[in-house]
Amino acid sequence: MKNDKQDGMQQVEDAKKTFLSGENFYTHHFLGAHQVEEGYVFRVWAPNALSVFLVGDFNAWQNDLPMEKDDASGIWQIYTDLANEGDLYKFKVTQANGREILKIDPFAVRFEKRPGDAAELYQFPEKKWKDGLWRGRSKRSNHFKRPMNIYEIHASSWKQHEDGTPYSLADLTEELIPYLVEMNYTHVEFMPLMEHPLGRSWGYQLIGYFALSSYYGTPAQFQDFVEACHLNNIGVFVDWVPGHYCINDDTLPYYDGTPQFEYIDPDRAKNNRWGSINFDLGKPQVQSFLISSAMFWIEMFHIDGIRVDAVSSMIYRDYDDGPWTPNHEGGNRNLEGYYFLQKLNAVVKLAHPNVLMIAEESSSETPVTGLIESGSLGFDFKWNMGWMNDVLRFYEMDPIYRKDHFNLITFSFMYMMQENFILPLSHDEVVHGKKSLMHKMWGDRYKQFAQLRNLYTYLMVHPGKKLLFMGSEWGQFLEWKFDEGLEWVDLNEPLNHSMQSFTAELNDFYKNQPALWELEDSYDTIEIIDADNTEESVLTFMRKGKRKKDFLIVILNMTPIERRDFTIGVPYPGKYKEIWNTEMQKFGGTWTKHNEACQSEPFEFKEYSQVIKTTVPALGVIILKPESINTRKR
């Protein structure tokens with residue numbers, strides 16, 4: 001018994017040392033509140049505090065439970081048998097300047113519901129996971145050569161009950177997962193689920209890096225949700241914010257009265273753009289804290305990937321509004337953030353090589369994906385913000401001007417292999433007066449839906465993984481509102497209902513066409529047929545799979561003019577069959593049947609010696625597949 005106690009004490013001492021050195025990636029196992037014997041032990045890091053008291057329901061929030069400081073680590077500790085599961089608590093900190101303030105537990109795994117922010121004593125129920133088959137397949141899968149089509153969701157505004165209360169994770173398990181299956185998505189991505197005090201922040205200003213927001217339900221419910229997703233072949237990603245945190249005084253900022261989690265330099269500590277506080281990413285204890293948070297979410301909830309928010313703000317000193325100082329090399333790179341992200345990715349990938357690390361990063365100055373040894377940050381995927389900005393600008397444009405700006409939809413072909421990209425049509429594009437995707441489209445309501453079908457097809461046939469924000473799949477007209485449910489009533493309208501059916505069928509088409517993802521990490525995946533037809537504003541290219549005969553011919557018409565007898569080059573003589581047409585009547589268009597199969601003819605078209613002729617619908621996209629071709633001739 002004595003040896004067990006000594007071993008436990010030694011483990012705590014070792015945990016403190018590695019926490020201080022930035023090499024403890026499981027700090028949540030000893031910091032925070034933990035049940036031991038007949039009570040709880042509480043530990044908090046506050047190196048410059050003058051005193052810390054534990055206060056809570058169990059002692060009527062009185063100053064009668066003083067914590068003891070370990071001077072070497074700056075960690076305060078107390079054991080009490082007064083506390084019980086479900087009790088709320090905080091730490092009363094006398095800061096370095098003598099000020100007394102109630103502070104949250106940074107390592108709490110549960111908080112009370114808003115507007116309160118006290119931590120709640122919570123024990124994770126022991127779960128016997130049933131997703132072994134999914135996880136086994138994931139280990140054997142090459143994510144870069146598999147389809148990935150992500151449905152982005154804000155948990156509390158997907159659907160709400162009649163009384164205006166949001167769906168819980170239990171409700172989402174019952175309704176969202178069947179919807180994801182019906183719509184043929186491969187993954188769901190949640191905007192941050194961690195505890196945050198203000199819904200208006202959408203979850204991007206956190207206080208609880210180890211706590212599922214009580215607004216959404218219990219940790220056990222989220223575990224059940226992830227498991228149910230895996231049993232239905234749906235992967236789960238979660239947004240995470242390691243760059244900055246909530247400015248609320250009783251949470252993390254200046255915890256012990258000095259710059260503890262934040263930079264000493266006030267210009268670097270303050271995030272002017274978002275009204276938050278920046279983590280000092282070079283501080284070893286902060287690295288232990290943040291990497292432990294990532295590991296906690298991966299291991300406790302079996303999530304399949306983490307999307308790291310606002311990477312640009314972490315790797316550039318001049319990204320924010322306001323004054324900034326160059327680094328010691330005279331440049332604008334935030335070296336602490338750069339090396340922290342490399343370390344984060346190295347640690348996660350060593351422990352969980354199949355968990356995907358995804359960056360939301362808007363610049364092109366720093367390699368983001370690929371091997372760390374090559375100078376990259378080490379992420380698996382990067383959101384292609386340039387593609388998103390260019391493409392939406394093009395589709396918002398009156399078609400009469402598109403011929404003069406055709407490079408907006410072709411420029412991405414020049415850099416599409418520089419990173420492993422996800423093509424995002426995300427929540428950021430449908431708020432703050434930007435209008436919904438459907439409302440962005442040019443023309444009357446019919447033309448708007450025609451172009452939305454065109455846009456989504458272009459998304460699917462362009463190299464890169466896919467992401468679409470909730471509500472966009474049926475063309476919701478109104479902007480997204482974080483505090484209201486989606487406009488599901490729209491689906492009573494025929495065009496919205498047809499749009500939803502179109503998206504589901506397009507998603508299924510994508511999953512079942514290997515040419516759209518099999519060679520996606522290589523330029524071999526695409527062959528441009530004609531990107532110079534600016535006068536007619538028609539773009540044509542091929543997407544190719546591993547086998548010679550496995551390719552698709554894509555024709556996108558960006559004008560409201562039907563193109564009859566439209567001629568393009570094809571690689572082999574033979575017959576080509578139309579397998580996709582965005583203007584079919586069932587999708588909300590006017591076409592009742594597909595174009596007849598095209599027989600190629602010997603004729604020179606650029607470098608091709610064979611051509612086909614077909615009709616391309618106004619504002620439409622058609623996709624053809626070889627039906628019977630001679631691959632020995634080209």
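**Close-up views of the predicted model**

**View 1. Helices 12 and 13 lie across strands of a sheet.** Helix 12 (445–461) lies across strand 23 (538–544), strand 24 (551–557), strand 26 and strand 30 (621–629), at about 35° to strand 23. Helices (H or I, at least four residues) and strands (E, at least two) are DSSP runs, numbered from the N terminus. Contact means heavy atoms within 4.5 Å; axes are lines fitted to C-alpha atoms, for helices over the stretch in contact, with angles from 0 to 180 degrees between N-to-C directions.

This is a predicted model, where local features need pLDDT of at least 70 and side-chain atom pairs count only at pLDDT 80 or more, while totals for chains, interfaces and linings use all residues. Residues are numbered from 1 along each chain as its sequence is written, and side-chain values use heavy atoms, with hydrogens and water left out.

**View 2. Here's the open sheet itself, six strands in the order 22-23-24-30-26-27.** The pairing is antiparallel; two strands pair if DSSP finds at least two bridges between them. Strand 22 (526–530) and strand 27 (598–599) sit at the edges with a single partner strand each, so one side of each has no neighbour in the sheet. Strand 26 (574–581) is joined to strand 27 by two bridges, and Y576 stands opposite C598.

**View 3. Strand 5 pairs with both strand 2 and strand 4.** Strand 2 (39–45) and strand 5 (75–80) run antiparallel over six bridges, while strand 4 (68–70) is joined to strand 5 by three. Look for W76: it is the bridge partner of V44 and also of K69. Strands 4 and 5 make a hairpin with four residues between them, and G74 in the turn has a positive phi of about 75°.

**View 4. The largest cavity has a volume of about 310 Å³.** A cavity is a set of points, on a 1 Å grid over the protein atoms alone, where a 1.4 Å probe fits but cannot get out; lining residues have an atom within 4 Å of a point. Of the 25 lining residues, R268, N278, S313, Y316 and R317 lie nearest the centre. Helix 5 (266–269), strand 15 (270–271) and helix 7 (311–315) each give two or more residues to the lining.

Conventions:
On a 1 Å grid over the protein atoms alone, a cavity is a set of points where a 1.4 Å probe fits but cannot get out, and a pocket is an open set with protein on both sides within 12 Å along at least five of seven lines; lining residues have an atom within 4 Å of a point. Grid points are joined across faces, edges and corners, and a volume is the space filled by probe spheres set on the points.
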